[in-house]
Amino acid sequence: MTGPFEQLPFEALPERPRRPHPFLALPVHERELESRAFGRMRVCWRELGRGEPLLLVHGLMTSGYSFRYVVEPLAERWRVIVPDLPGAGDTDKPAASYAPERLAAWIGELQRALGVRGCRVVGNSLGGYLCMRLALDDPGAIGRLVNVHSPAVVLTRLRVLNAALSVPGARRLL
């Protein structure tokens with residue numbers, strides 16, 4: 001048995017997850033989206049359930065796969081839509097700036113394209129931050145927002161971290 005953060009060789013990764021989930025069996029939906037920030041691009045998402053739409057927005061360096069264990073239970077009540085943000089998962093990776101304001105606007109464009117503007121949203125980490133930006137820029141875009149572990153003030157946190165790392169010996173200590 002290994003610990004939670006023990007690095008293993010790639011060959012040691014299990015073929016299937018220890019705890020089963022239906023995420024990879026869900027069909028991948030895709031469509032072309034004309035985005036002001038990213039141009040014409042292919043967008044991919046997974047969807048399960050019926051009822052009012054619930055959009056799940058993943059964080060940085062992940063994909064919609066990060067919601068694999070909650071899609072099925074949420075789909076008992078909601079039409080759960082789990083997109084991959086630009087540059088992540090199966091969605092195109094345009095050669096463009098991925099600045100937060102551009103990604104936030106893209107979420108709004110996706111909502112309009114899917115006909116779910118004003119829906120409820122769960123945003124995780126960077127996804128929550130992007131959804132907060134979208135809600136501030138376009139108050140009608142999000143009906144209700146559940147924000148899971150996202151930074152409220154990204155730039156301040158980065159400035160503090162940068163300042164801390166500029167102290168002589170701090171990098172070596174960390």
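Analyst: Happy to! Let's start with the residues of helix 3 that are tucked away: Gly127, Gly128, Tyr129, Leu130, Cys131 and Leu134 are buried. Please keep in mind that this is a predicted model. Helix 3 covers residues 126–137, which makes 12 residues. From its first C-alpha to its last, helix 3 reaches 16 Å, close to the 16 Å expected at 1.5 Å a residue.

Now let's see what helix 3 packs against. Two packed helices are described by the angle between their axes and the distance between the axes. For helix 2 and helix 3, the angle is about 75° and the axes are 8 Å apart. Angles of 65 to 115 degrees count as roughly perpendicular, and helix 2 and helix 3 are therefore roughly perpendicular to each other. On the helix 3 side, the contact is made by Tyr129, Leu130, Cys131, Arg133 and Leu134. Helix 2 brings Pro100, Glu101, Leu103, Ala104, Ile107, Gly108 and Gln111 to this contact.

Next, follow the chain to the loop that lies between strand 4 (79–83) and helix 2 (100–114), where you will find Thr91. With a relative accessible area of 1%, Thr91 is buried. The side chain of Thr91 reaches the backbone oxygen of Asp84 at 2.7 Å. A polar atom of the Thr91 side chain also lies 3.0 Å from the backbone nitrogen of Cys44. Leaving aside neighbours within four places in sequence, Thr91 is in contact with Met41, Arg42, Val43, Cys44, Asp84, Leu85 and Pro86.

One last stop is His21, in the segment before strand 1 (28–35). Buried means under 20% relative accessible area, so His21, at 16% relative accessibility, counts as buried. The side chain of His21 makes a polar contact with the side chain of Tyr65, at 3.2 Å, and reaches the backbone nitrogen of Phe23 at 3.3 Å. Not counting residues up to four places away in sequence, His21 touches Tyr65, Arg68 and Tyr69.

Key: Residues numbered from 1 in each chain as written. Predicted model: local features only at pLDDT ≥ 70, side-chain atom pairs only at ≥ 80, totals over all residues. Heavy atoms only, no water. Helix = DSSP H or I, 4+ residues; strand = E, 2+ residues; numbered from the N terminus. Buried < 20%, exposed > 50% of the residue type's maximum accessible area, 1.4 Å probe, protein only. Polar contact = N/O pair within 3.5 Å; in protein donor to acceptor, adjacent residues only side chain to side chain. Contact = heavy atoms within 4.5 Å. Expected span 1.5 Å × (residues − 1). Axes fitted to C-alpha atoms, helices over the stretch in contact; angles between N-to-C directions. Parallel < 35°, antiparallel > 145°, perpendicular 65-115°, else oblique.
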